[in-house]
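Thanks for coming. Please have a look at the model on the screen, and I will go through a few parts of it.

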Amino acid sequence: MHAADEDAKVSPATVETGSGLGSLASTVAGDNGSKPSSSPTPSHSFGAHMARKSSKSYFEKLRDPRWQRRRLEVMQAAGFECEFCGDKDKTFNVHHKYYERGADPWDYPDAALECLCEQCHESKELQRLDLLKELSDPECAVSTLCVLGYLRGMRARYSGHDLWIAVSDEEEVAGIAAAFHVFPSAVHRAMSDGNHVEVNYLKRLRLDVMGKV
Ligand SMILES: [Zn+2]
């Protein structure tokens, strides 16, 4: 196995300090693994300067012994194989499935980190950028809140652990309705207090209508 020097291809700092497509473009520009300082200057990104500056401190953190230890733990737990494609012979990265504001790379729980080969890591980061790009598109008819509602609805529908989904906006209601394939009015009926949706109500509704959950 080969362990790459750098693991995270997208700095949370670029996500936090940049905004919109400029941030995305600069994030892509800095996405060259172990040699961040050799990034070509992205002429198409107005947020590039700030992103480069922020990325530097993040890449410095990736050389911190605490991250080196943490990433080795994740690779060992995965048996030194890519957790997506199962490859054992490629260079490995430890992928952050999400970023939290102010957290250091080593602060994340096991469930937030996965051992991936370089190719799968690249692919997952590009998917994340695609998602952010779509959400940033002013032409996009689906709001971020709607997508959040949809994702929480899907988790509740399939995980079996969520009994309630907190709702603060009608857009979230629309997303939850889409996840359960019901009308938004049904989601409203599943709310006893106006801001929490009873998951089992929606599951029962789907059982009644579709004959399955
Ligand atoms: Zn892989």
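Strand E2, residues 91-96, is mostly covered, with five of its six residues buried. Buried means that 20 or more other C-beta atoms lie within 10 Å of the residue's own; exposed means 12 or fewer, partly exposed is in between, and C-beta atoms are placed from the backbone. Helices (H or I, at least four residues) and strands (E, at least two) are DSSP runs, numbered from the N terminus.

This is a predicted model: local features need pLDDT of at least 70, side-chain atom pairs count only at pLDDT 80 or more, and totals for chains, interfaces and linings use all residues. Residues are numbered from 1 along each chain as its sequence is written.

Back to E2. It runs antiparallel to strand E3, residues 113-117, and five bridges join the two; strands pair if DSSP finds at least two bridges between them. Asn 93 stands opposite Leu 116 in E3.

In the loop between helix H4 (65-77) and E2 sits Phe 80. Its phi is positive, near 55°, and it is not a glycine. Most residues other than glycine have a negative phi. Phe 80 has 15 C-beta neighbours inside 10 Å, so it counts as partly exposed.

Next, helix H7, residues 170-180. Eight of its eleven residues are buried, so the rest of the structure largely encloses it. Among them are Glu 172, Val 173 and Phe 180.

What follows H7? His 181 does, with a positive phi near 55°. His 181 lies in the loop between H7 and helix H8 (184-189). With 14 C-beta neighbours inside 10 Å, His 181 is partly exposed.
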